[in-house]
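Me: I would like to go through this structure with a few questions, taking each answer step by step.

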Amino acid sequence: MARPKSYNVDEVVERVVHAFWQHGYQALGLRELERLTGLNQFAIRTEFGGKEGLYLRALDYYSDQAIRHAMAPMQTGGLPELLKFLRSLVTDGSMTSSPYGCLVVNTGIENARVGSARLEEAAKRYWAALESAFATCLEKAIADKSLPADTEPVITAKGLVSAVMGVHAQNRLAGKTDAGKPLVDLLCAQLTSREFRT
């Protein structure tokens with residue numbers, strides 16, 4: 001008969017999200033992960049498939065929280081929801097603003113060295129969800145005449161995703177929640193300047 005687990009998997013994943021977010025994937029070795037999670041190396045291997053598996057679980061948790069909470073209003077909203085999301089990237093206390101940047105952006109940067117296909121795929125899923133949310137908002141903004149009919153939602157959504165990456169990279173580099181504010185202000189000004197005036 002198997003011994004019951006002495007840990008809660010969800011609690012471990014939530015704790016390790018913050019550790020990877022703050023320190024990165026490569027900086028944390030197994031001993032440090034043991035200390036942070038309370039798990040031993042055997043449990044990390046068997047429960048999560050090792051360090052990469054643990055990181056993927058953390059990345060999935062982080063992505064799911066952002067998609068279900070931060071991106072959710074954009075699934076049914078228009079231009080106001082898109083602008084609110086962009087501003088939240090540099091608003092202290094927002095779930096999308098952090099001096100550590102974004103775990104998914106950080107993953108992409110680190111993975112240029114690590115070269116993990118699994119990490120790349122997880123990051124791509126997140127960016128595809130954000131691009132889709134942006135495109136939905138833009139399409140609704142065109143339909144309600146908040147944006148001109150010649151706005152190209154797919155191209156604009158792709159550009160906004162790249163801009164979001166830049167905002168998070170600026171926040172991480174400066175260690176501040178609002179370092180990317182000039183870029184957010186520029187994006188919001190560009191989007192609102194295209195609104196129809198009646």
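Me: Is Cys137 buried or exposed?
Reply: In this predicted model, local features need pLDDT of at least 70 and side-chain atom pairs count only at pLDDT 80 or more, while totals for chains, interfaces and linings use all residues. Residues are numbered from 1 along each chain as its sequence is written, and side-chain values use heavy atoms, with hydrogens and water left out. Buried means under 20% relative accessible area, exposed over 50% and partly exposed in between, with a 1.4 Å probe and protein chains only. Cys137 has a relative accessible area of 0%, and is therefore buried.

Me: How many disulfides does a search of the whole structure find?
Reply: A disulfide is counted when a pair of cysteine sulfur atoms lies within 2.5 Å. The sulfur of Cys137 is 12 Å from the closest cysteine sulfur, in Cys188, which is too far for a bond. For Cys102 the closest cysteine sulfur is also in Cys188, at 18 Å, again too far for a bond. The search of the whole structure gives a count of zero.
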